[in-house]
Amino acid sequence: MTEKRIILEMGTGNDLYGMDYTKAACRAVQDALHHSSIVLFKSLGYDHREMRVQVTIGVQEPDQVDIARVCAELPRGRAEVTAVHGGLNVHDLEQNTTHVIATAAVEAFLPIEPGQWRLSHQPDTV
């Protein structure tokens, strides 16, 4: 059976005063999740445990992200989280602080039999 990506959502999150890369990453994941609603599980009879959720987090210090805490943010599916170099650190010289901005790409995949789903062409109407 072949996996097909059924959703791609992006989100951003920040930690303004603690330089907590995990907090910013979790907020980015929550932002992405709040942009989506996957109704096909109930509509088509899929079990959400069949879904693989692949999350890529972009931050300036990827090794500072607690992957297990980010995985815990995902309410459905089997989570796979990777932290990569990205996002932004914004330095505030007046306050002597660094604001951490994280980005998240959340992809969901389902195992789908080849030919099981097919897009149909809708004729143009006048």
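In the predicted model, the side chains of Glu 107 and Arg 5 are joined by a polar contact of 2.8 Å. A polar contact is a pair of N or O atoms within 3.5 Å; within protein, one atom must be able to donate a hydrogen and the other to accept it, and residues adjacent in sequence count only if both atoms are side-chain atoms. Glu 107 belongs to strand E5, which spans residues 97–112. Helices (H or I, at least four residues) and strands (E, at least two) are DSSP runs, numbered from the N terminus. With a relative accessibility of 12%, Glu 107 is classed as buried. Buried stands for under 20% relative accessible area, exposed for over 50%, and partly exposed for values in between (1.4 Å probe, protein chains only). When neighbours within four places in sequence are left aside, Glu 107 is in contact with Arg 5, Ile 7, Leu 8, Arg 52, Val 53 and Gln 54, where contact means heavy atoms within 4.5 Å.

This is a predicted model, in which local features need pLDDT of at least 70 and side-chain atom pairs count only at pLDDT 80 or more, whereas totals for chains, interfaces and linings use all residues. Residues are numbered from 1 along each chain as its sequence is written, and side-chain values use heavy atoms, with hydrogens and water left out.

The secondary structure of the protein chain consists of three helices and five strands, and their order along the sequence follows the pattern β-α-α-β-α-β-β-β. Of the 126 residues of the chain, 33% count as buried. Among contacts in the chain with a separation of 6 or more, 76% are accounted for by residues 24 or more positions apart.

The largest nonpolar core has 26 residues, of which Val 29, Val 55, Ile 57 and Val 70 touch the most other members. A nonpolar core is a set of buried Ala, Val, Leu, Ile, Met, Phe, Trp, Tyr and Cys residues joined through side-chain atoms within 4.5 Å. At least two residues of this core come from each of helix H1 (21–33), strand E2 (52–59) and E5. Apart from neighbours within four places in sequence, Val 70 is in contact with Ala 25, Cys 26, Val 29, Ile 57, Val 65 and Val 81.

The structure holds zero disulfides, a disulfide being defined as a pair of cysteine sulfur atoms within 2.5 Å. The sulfur of Cys 26 has its closest cysteine sulfur in Cys 71, and at 9.6 Å the two are too far apart for a bond. Cys 71 is likewise in no disulfide. Cys 26 is buried, at a relative accessible area of 9%, whereas Cys 71 is partly exposed, at 23% relative accessibility.

Asp 15 is located in strand E1 and is buried, with a relative accessible area of 5%. Its side chain reaches the backbone nitrogen of Gly 18 at 3.1 Å, and a polar atom of the Asp 15 side chain also lies 3.1 Å from the backbone nitrogen of Met 19. With neighbours within four places in sequence set aside, the residues in contact with Asp 15 are Asp 20, Lys 23, Ala 24, Arg 27, Thr 98, His 99 and Val 100.

Met 19 is placed in the loop between strand E1 (2–15) and H1. Its phi is near 50°, a positive value in a residue other than glycine, and Met 19 is partly exposed, with a relative accessible area of 39%. Asn 96, which is not a glycine either, has a positive phi of about 55°. Asn 96 lies in the loop between strand E4 (88–92) and E5 and is exposed, with a relative accessible area of 70%.

Pro 62 is part of the loop between E2 and helix H3 (67–71). The C-alpha atoms of Pro 62 and Thr 82 are separated by 8.6 Å, and the two residues are 20 residues apart along the chain. Leaving out neighbours within four places in sequence, Pro 62 is in contact with Ala 83, Val 84 and His 85.

Arg 52 lies over the face of Phe 109, at 4.4 Å from the ring centre. A charge sits over a ring if NZ of Lys or CZ of Arg is within 6 Å of the ring centre and within 35 degrees of the ring normal.
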